[in-house]
Structure formats: structure tokens, C-alpha cells
Amino acid sequence: MPKKTIVYPYIPNSVPEVKAELMKEVGVTDPMDLYEEIPDHLRFKEELKLPEPILDEYSIRRHTDEILKKNKTADEYLCFLGAGCAPHFVPAVCDEINGRGEFLTAYVGDSMGDHGKWQALFEYCSLMGELLDMDILSIPMYDGGQAASSSLRMANRINNRKKVLLPATMNPEIFMVVKNYLNSVPQPEIEIVQIKFDPNTGLMDLNDLKNNMSNDVCAVFIENPSYLGFIETQAEEIGKIARQAGAEFIVYTDPISLGVMEAPANYGATITCGDYHPLGLHLGAGGCQGGFIATHDDMKYISEFKDLMFGLTDTIQEGEWGFGEVLYDRTSYGSRDKGKEFTGTSTGLWAITAGVYLSLMGPKGMQEVGTTIMQNSQYAAKKLSAIPGVKIQLSSPFFKEFVVNFDMTGKTVAEINKKLLEFKIFGGKDLSHDFPQFGQSALYCVTEIHQQKDIDKLAYALQGVISC
Amino acid sequence: MARQQRKLLRDNYHQARWDEPIIFEMSVPGERGVLVPMASEEIASQVGDGASAIPASLRRKKAPALPEVNQMRVNRHYYHLSQETLGTDVTLGISEGTCTMKYSPKVQEHMASRHPGIVEVHPHQDPETMQGLLEIYYKVEQFLKEVSGMDAFSLQPGGGAHAVYTNASIIRAYHRARGDHKRTEIITTMFSHPCDAATPNTAGFKVITLMPDESGYPDLEAMKAALSERTAGIMITNPEDTGIYNPRIEEYVRAAHAVGALCSYDQANANGMLGIHRAKEANFDLVHFNLHKTFSAPHGSMGPATGAVGVKEFLKPYLPVPRVEFDGQKYTLNYNYPESIGKVRTFFGNANVVLKTYMWIMQHGADGLKEAAICSVLNNQYFMKKISQIPGVVIPYAKGKRRLEQVRYSWEKLMQDTGVGTDDVNRRLVDFGIEHYWTSHHPWVVPEPFTLEPCESYNKEDMDEYIEVLQQISKEAYEDPDFVKKAPYKAASHRPTHSAIDDPELIAVTWRQYQKKKGLRK
């Protein structure tokens, strides 16, 4: 039976008459003649083995909905998972703006026709600059992992040293990204040393840091607040140790902490980096991450950024803002393999969203959200630690996340989390694989979206799970 | 009025020009854009102000100097900025050749950005609670395997260049695992995307770039001369940015394989070849697709995006982790690949982009994918024929050969005749409501280049409108070159005084840096 002709709504020239007219224009009678440059033996002669299409829009929507409904969601469950993707409040205007088709479907257009996109990304850099108290940012990166990795590569180019010191408490996912990114041919060019930590506080072991410190250290990297939630209270001292040895001091920070926590630049960071996901973006199954790097206004740093930079300038029209490419030849778009690392499509839409978020929040909003997170998470830690057998693993002050140890309950985190699902709760991230020294521990994340009743419910559920 | 008489040229067009301030200029002390949740009174009474737990040295001393703007003004401001942006939803994306600016169906966007089954899923949930998400990942991998002929895919990289970087990392891991440490070089071609040179360099390789021969193909003899026991791999595009398919592609692959190198196929622009030509038949070992191009996900003002990496079975152990697996009943995440390069991105990459890809493939099936490819090539050949007739246009290389999905054109003749070059035409384009076009990556091997790609989303009238605009600009250039040079007139903003800012004195990438340079702030 001959195949039925389908006119696809997204392929307008699939209308047979139009197609025939165009084919006549270009002088072919068979569509395959369009491909005469592809030798016959390199053509795929079979039919792709793909499912039968779902042609109409209602049915594809229904079909996709049925698949997505198999997922349990943080809409329906209480989510205490963070570990780099914490649930935060997303103002409606953030979704409104990133849903604007003009931003959603723009790409690499120049600064006149895409003036708004250039301005929105310039504003993202500017707003982040205020939060971080630093002057220089590029347009965004893939995620925090890329930001951490590129910060280290920048440091390496700045001082040409070959050893980086990272905390052993580092986010394991980001560590994996960094490890691959510092790799080279034929052997890793940059040596990674992980600095020990105090098991009671999580803080960096300064003796181990000093023992590893030398004039060949390229950078000392810390997270603050850390992956495990604790605040690295020795940050200023670590920075001094690093800078005295001529190394860069890189601080990976959580931007939503910076209304209450000091900007790393003000305790000595020479490079600040992180993931701006907390600023107005949804969980999105991890698909709403975005990386940033910031430095002071110094050509030594500016010329080492790998991504595009949009600079504010004038136009030929008096009083009008315009935008231009800054140091384009730095980038691989300008100089191919002679550029800094590589650049490409990253997370522009999410950066615009983070800019909207910071515009809405203002200084007061950032201070308040930081305060609420501190209060709610401290309350949660207090509440959980009152449950028999449950203890808070680290004694340091923390922001948003903290390590909860269940060793004395006789149950594994996996068992506890399975049971918590019955209470419609996503328990904390199981750390027993990545941090076996903490035994059966989980990383709990509490933010401004958790109300007291949510935290109380968690405590109640955990009590029940543990005692049964 | 009859259709034929309707004019296509939008000469009455004017883009929104809001003369919009920078958001900081809109600040009114005390205004609030949004109120945030506060801790309950009971919580506050139990733990105090929370923030005093932070040691003094690490407490924020001076509030960030963010603007204070009420919500309506923030919303209006960003609406204005969006209206000053020519996304493909409002203009002809034909302009951005090599970028495949196809229509991104709204039904996909609505599911990906509104359905709690993706928006409200945490990537560290127990896999049993995200079976739907893993099903989407698993199935998209199977679809892409079929479309390319490769044996395994990773959907983790966050963009096309990121995928090419991942492939360079895999090539490195493969040779190292075999104890072959001599392989320190990667060969690419000048008309391959810059990332095919930049990412292997980032991965630590020495990069050799081949120039095109007089026919526009990469020089095969030069490549044979460059290949040796030091060659780790070749990373090339086909068709290259010129839209010329290299019919001898197999010979390049064969020559590379003969010295033990791997072959990586940059198929960021596979749109013209879906169901017609695959990496497998050309004997490539690695491939990548840009899901935000060929598979219809939008470009999002430069992301989020996904570069899907595909490899042959023998390279599967090196793919990033976790891998999504299926035992016939359950989808699981497997991290147990000890030879894996590890991760290139946190979590699983951009799930929203993967979901859109899933929907697009499911809406089209095998026949629809092939129809998209055919119509994109048909459009391009029609378009090229018409563009070639515009005074001032030159089409370098491969005369008389059919191009696939895009063409790199040149205004070299227009420049010689009138002094109007590609940058001038590009600025004038927006006066007709059309997005600036893509000239070329650097260096400009083709003089005064512009690269157009009328993919399958555009109908004949869209193409004819575009052609008419270029005809008009060409006419203007011959009649009044200065007029074109001073464009744009109707865009959201005029020509910047500095479109390339290389002087450190003029660099202002943030508002604070600008203010400091102007002496408005300490």
C-alpha cells in the first residue's frame, strides 16, 4: 500500500504541490537527486527503526504527560535534597521572562537587532558583580562544575604553576568534572591534591594545607559554604596562606548565601566561582544549572576568561546605550585553538533569569532569603538532632545544608529514605558512598521554601521510620 | 487582494526601541520587587536571627548594591528587552546559517517548562521515583543510535562544543587505556567549527588544522602528510560550513584509521541528512549531534543546550557517567564504568532539551525525519539559486555542485563594486525585521562572508521575503552605498561606537566597572 502523504505542521513545504514546484525550480525529479554529492554506498538505504509517529498535537501531549506522570515530584513530595540543586522559591516574573519567545529562540544575533538580549546578559553580569563584589564576569557557563574547572585553568595560565589544592570535602560531582578538565595529553599536566579535613567540623586541615603549600602551587580552592553545608570559617586564613605563596585563592560559593555571608572577594578570593541555579531557577531534573566566574578589574584576569564578554558602550545616537564584544580574540570563536580553552552555547536563558531574580530581590530580598535559610535550616537541624539515634555530624556553623548521621539508629540511609517516600518525603542525599568516613549519613537541605510544618513533618516521619 | 500582489518587503517595519535604561538606573531606594518567605515566629524564637551563627569575618558587612525596583517595573523592563530581541519566534532564522534555527514547537516548550514531572524533579531522587525521566533519556539514546548508527550515546554535555570536548576526552582516555602515549595530535579542518580545534587543545592535544583545497574540500594530501603514529584522532565536520558534502569522506577516515587514529564526526548540523546518511556508514568512531539545532530545541539566547555524544561499542566504557540502563522493567542509573572519563557536567545534563528532542522525534518518526532533511536541502538549493542571482553575491567553491543544508556566500563582488561589505549589509538587514545573519567563524577564509540556512521550517514565501530583502539591500548598495553603511535605522539600537572593544580603558563588562571608569563610583 502506498504511504499516505502527510503534511507536517513544522515542515510547510511538505505540501506536495509546493514541494513539486521547488523541485522543478532546482531541476530534480526525485528528492534523492538533491543528494547527488553523497556517493550511493554512503547513503542509508533502509528505513530508520523509530516508533510510529504520534502525529497530532493533542496525542503527543497526552503521551508525554503519561510518561512524565511516572515521576514523583517536589510538587507533591517534600524535598530535602540539595547537593548542588536545592529547591528555592522562583518568583513568577522569572518564569514569565524566560518564557518570552524572543529570548527563548534568540541565538547569536548582533547587538543592534538583539539589543535586548545583550542588555539582559550585561545586566546579569552587573547584578552578579554586585552580589559578588567583583567587577568582571563573562556571559555564563554550563554549570558550577565548568566554572570550578575553568577557574583552575585560568589560575594555571596566570601563574603557570602545575599543582592545585582542593578540599577533600568537595562536591564529588564537581570534583569529577574538574578531574577530567585538568587532564591532559599524554599525562595530567596539573596535579590535584586533596587537602584533609577535620572529621568533627568539616573544616580544612590547615596543617595539611601548609604541608602541601609551596611555590609551585597554582591555586588553593575552597567551597564556602561547602558542599557539606558547613561554613569554612578559616577562609580568610586559607586565603592568606595561598596568596603568600603566590597562588590564586579560588572560592566556590553559593550565590543565595551572599545576602548574609560575606562576598568571597572581601576575605581574599582572587577568583570567585559557582553555580547560579539558586537564583530563580527550578529543579528541572538538574537541567537548570549555570556557571559563573568573577574576578577583580585587572587585565591579568580579564584576558584569561574563556567566554564572550559584552561591554557597555555608546552608539552613534547621542544618549543611547550600545554593546560591543570585549576582547573577542581571547575566545575560541575568534582564535580557534589559540583562544582560551573553548567557548560555545551555554546557559544564556538561565543567566537572563538569574538577572531578573536579582532585580526583583534587591539588597533587602537577598538579606532576607539568606536569613530565612539560616533560621529554617538551624531549626531543622535542632529538630532532627532531638530524635534518638540521630546526630548532626559536623559541629561547624552551616548554611542551607547539614550532614545528618544515622549510625545509632541501626538503619541505613537507603532504608530510611525508602521509608520516607511513604510519607511523601525525599530524604537527604545519601553520603555513605562518597563519604564513607561519615558512616550512614545524609546531606539534608533546608531552604526558604520549607515551612515549619514541613520540617516538623520530616522530624515526625523520621522518628517513625527510625523507631519501627 | 490576490496573494501574488502582496508585497513581501516589510519596508514599514520598525523594531521596538524603548531607549531602555540599565536596570540600576531604575532603582528607587526602598522599593521591593518581591517579598520572600520569612521563618515562622516559633522558629525565630528558637534559633534567633540565624545569621549570627556566621563568624563576624564572614558576615556580609555591606549589602550588595543591587537595584531596588518594584515588580511591575522589573517585569516591564525585561519585557522591553525581550521586544528588543529578534528571536526566531518573531523573525526569519534563515539568517543564522550553521545554527539550524528551526521552529521550536510550543507544545514541547509547554511540557518542558510547565510540567511538574520535569520542572519539579530533583536529579538526586531515587531512580525509582523518576522512571519517566529515565525512560525519556533511555529512549532518546535509542533514537539517536538509530539515526547515527552508533552503539551508545551520552546526553550529558551542555552544548555542541561541550560534546566535541567530550569526544576529545574520550579519544584521550582510549589511547591512554591502551598504553599508547605517543598520540598527542588531533587533526581538524579550517571549515570545521572552531570547537573542533579549540576543544582538543583544551583536552591537551596539539592541533593541526587543514586548509581547504581549491575545490573547497579539506586537502586530503595534506592530511595524509600530517597523519602519523602521533595522531590521536581527526575531528571534522561534513558537510562543512560551506554546505559542501565531501564525497571522499571515507578516504579521510580510512587514512586516519590506517595510522591508528580515531575519527570523530562533528554532526552539529545533521539536519539535511536525517535518515539519508549516517556516521556509521562513513566508518566514524564518534559523533555528536546538537539537540538544540537538528532536533528542534530552542537556542535560548545561547543555551541551555545539549550536545549528544555517540560512540561505537569499543568506546562505550569511556562515556560519561551515570549511564541510563533498562532491564526490560526498570530504568536505572549505572555509575560502574571504571574507565569512564567521569563527568563533564553535573547531574544528567539538560533534561528539558532532551525532553523536547524526544517529543520532536516522536512527532515525526522515520518518515518525518527524512522529510525534514529533504525539505531543508530542497529549500537550501532553491534559496541558493535565487541568492546567486543577486548582484554582488559570489558563491565560492564547488561550482555546479549541489549543497546540502547551508551555504557560505560572499559579498566580495559587492565590496569591490560599491565598498559595501558584509558587515554593512548585516546591519541593514534588521531594518526589514530580519535577524542579523551569521557571517563566518574566524578567520574569514571566504572574503565578506555570510552563511544562510533556510531549514525545513520556512515556506517558500519566507524564503522569497528573505531573497527580496537581500535584493533590495544590494540595490541600495549600488545606488547609495553610504546609506547602507550607516544602517541600521530601524533597529532597537544604532551602531555601537565600539563594536569590538579591545582597549582596556574602554572595557566595561559590568555596571560597576562602567561607573568606576566614569568616576561615578569609588
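α6(B) passes α7(B) in a right-handed crossing, a crossing being right-handed if the near helix is turned clockwise from the far one by less than a right angle, and left-handed if anticlockwise. This is a predicted model, in which local features need pLDDT of at least 70, side-chain atom pairs count only at pLDDT 80 or more, and totals for chains, interfaces and linings use all residues. Residues are numbered from 1 along each chain as its sequence is written, while chains are lettered from A and ligands numbered from 1 in the order in which they are written.

Helix α6 (residues 160-177) of chain B and helix α7 (residues 195-202) of chain B have axes 8 Å apart and pack at an angle of about 50°. The contact (C-beta atoms, placed from the backbone, within 7 Å) involves Gly160(B), Ala161(B), Val164(B), Tyr165(B) and Ala168(B) of α6(B), together with Cys195(B), Asp196(B), Thr199(B), Pro200(B) and Thr202(B) of α7(B).

Helices (H or I, at least four residues) and strands (E, at least two) are DSSP runs, numbered from the N terminus.

Asp19(B), in the segment before α1 (41-47) of chain B, has a positive phi of about 50° although it is not a glycine. Asn283(B), in the loop between β5 (262-267) and β6 (286-290) of chain B, is likewise not a glycine and has a positive phi of about 70°.

Definitions and conventions:
Axes fitted to C-alpha atoms, helices over the stretch in contact; angles between N-to-C directions. Contact = placed C-beta atoms within 7 Å.
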